[in-house]
Amino acid sequence: NFDGKLPRPRVLRTSNTAKNGITPGPLDDLLLPLVDESVRRQYLIRDAELRQDYDTIQVLEAEKSPRQAAKERAEEARFVGEDNAAEQWEDEAEFYASLRADVTQDEGSYNGKTMI
């Protein structure tokens with residue numbers, strides 16, 4: 001659900017920020033909160049790597065959710081040909097996803113506010 005104001009088409013066409021691969025484009029800040037938290041964190045880590053912001057990388061890596069860690073382990077296992085292990089990690093990631101009402105929210109938050 002999006003209630004913000006979209007950038008003008010001219011701004012999108014003339015924007016060099018998304019094309020250079022280093023800085024986010026005009027839509028990135030608007031769309032990023034709407035994607036899955038693990039995808040969002042991967043995007044933010046990649047962005048910090050491109051900017052060589054090692055402090056941010058360290059914080060983002062440390063704050064990964066158990067769901068994201070399981071998804072990454074499944075991807076690594078599949079890459080090295082360990083399909084059984086990959087399936088187990090995918091099942092664990094699905095289990096963690098089932099515990100959350102909204103996978104776009106960061107772990108421990110709901111509607112941007114920390115749960116108590």
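## The chain as a whole

Helices, which are runs of at least four residues, and strands, which are runs of at least two, are both taken from DSSP and numbered from the N terminus. Counted in this way, the chain of this predicted model contains 6 helices and 2 strands, and along the sequence they follow the pattern α-α-α-α-α-α-β-β.

The chain has 116 residues, of which 24% are buried, and its accessible surface comes to about 8,600 Å², with 52% of that area belonging to carbon and sulfur atoms. Among the contacts in the chain with a separation of 6 or more, 43% are between residues 24 or more positions apart.

## Helix H5 and its surroundings

Helix H5 covers residues 66–79, and its 14 residues reach 20 Å from the first C-alpha to the last, which is close to the 20 Å expected at 1.5 Å a residue. The residues of H5 that are buried are Arg67, Gln68, Ala70, Glu72, Ala74 and Ala77, and these buried residues pack against two other helices, namely H3 (37–51) and H6 (83–98). After H5 comes Gly81, a residue whose phi is positive, near 85°.

Ser65 belongs to the loop between helix H4 (54–62) and H5. Because its relative accessible area is 2%, and buried means under 20%, Ser65 counts as a buried residue.

The side chain of Ser65 makes a polar contact with the side chain of Glu37, at 2.8 Å. A polar atom of the Ser65 side chain also lies 3.0 Å from the backbone nitrogen of Gln68, and Gln68 is itself one of the buried residues of H5.

## Charged pairs

Side chains of opposite charge can pair when their charged atoms come close. The structure holds 9 salt bridges, and three of them are described here, beginning with the one in which the side chains of Asp36 and Arg67 meet at 2.5 Å, N to O. This pair links distant parts of the chain, since Asp36 is in the loop between helix H2 (28–31) and H3 while Arg67 is in helix H5, 31 residues apart. Both partners are buried, because Asp36 has a relative accessibility of 16% and Arg67 has a relative accessibility of 7%.

A salt bridge also forms between the side chains of Arg41 and Glu63, at 3.8 Å from N to O. Here too the pair links distant parts of the chain, with Arg41 in helix H3 and Glu63 in the loop between H4 and H5, 22 residues apart. Arg41 is buried, with a relative accessible area of 10%, whereas Glu63 is partly exposed, with a relative accessible area of 49%.

Glu72 counts as buried because its relative accessibility is 18%, while Lys64, with a relative accessible area of 22%, is partly exposed. Salt bridges that share partners also join Asp36, Glu37 and Arg67 into one network.

Terms used: Residues numbered from 1 in each chain as written. Predicted model: local features only at pLDDT ≥ 70, side-chain atom pairs only at ≥ 80, totals over all residues. Heavy atoms only, no water. Expected span 1.5 Å × (residues − 1). Buried < 20%, exposed > 50% of the residue type's maximum accessible area, 1.4 Å probe, protein only. Contact = heavy atoms within 4.5 Å. Areas by Shrake-Rupley, 256 points an atom, 1.4 Å probe, with all protein chains shown as cover. Polar contact = N/O pair within 3.5 Å; in protein donor to acceptor, adjacent residues only side chain to side chain. Salt bridge = Lys/Arg side-chain N within 4 Å of Asp/Glu carboxyl O.
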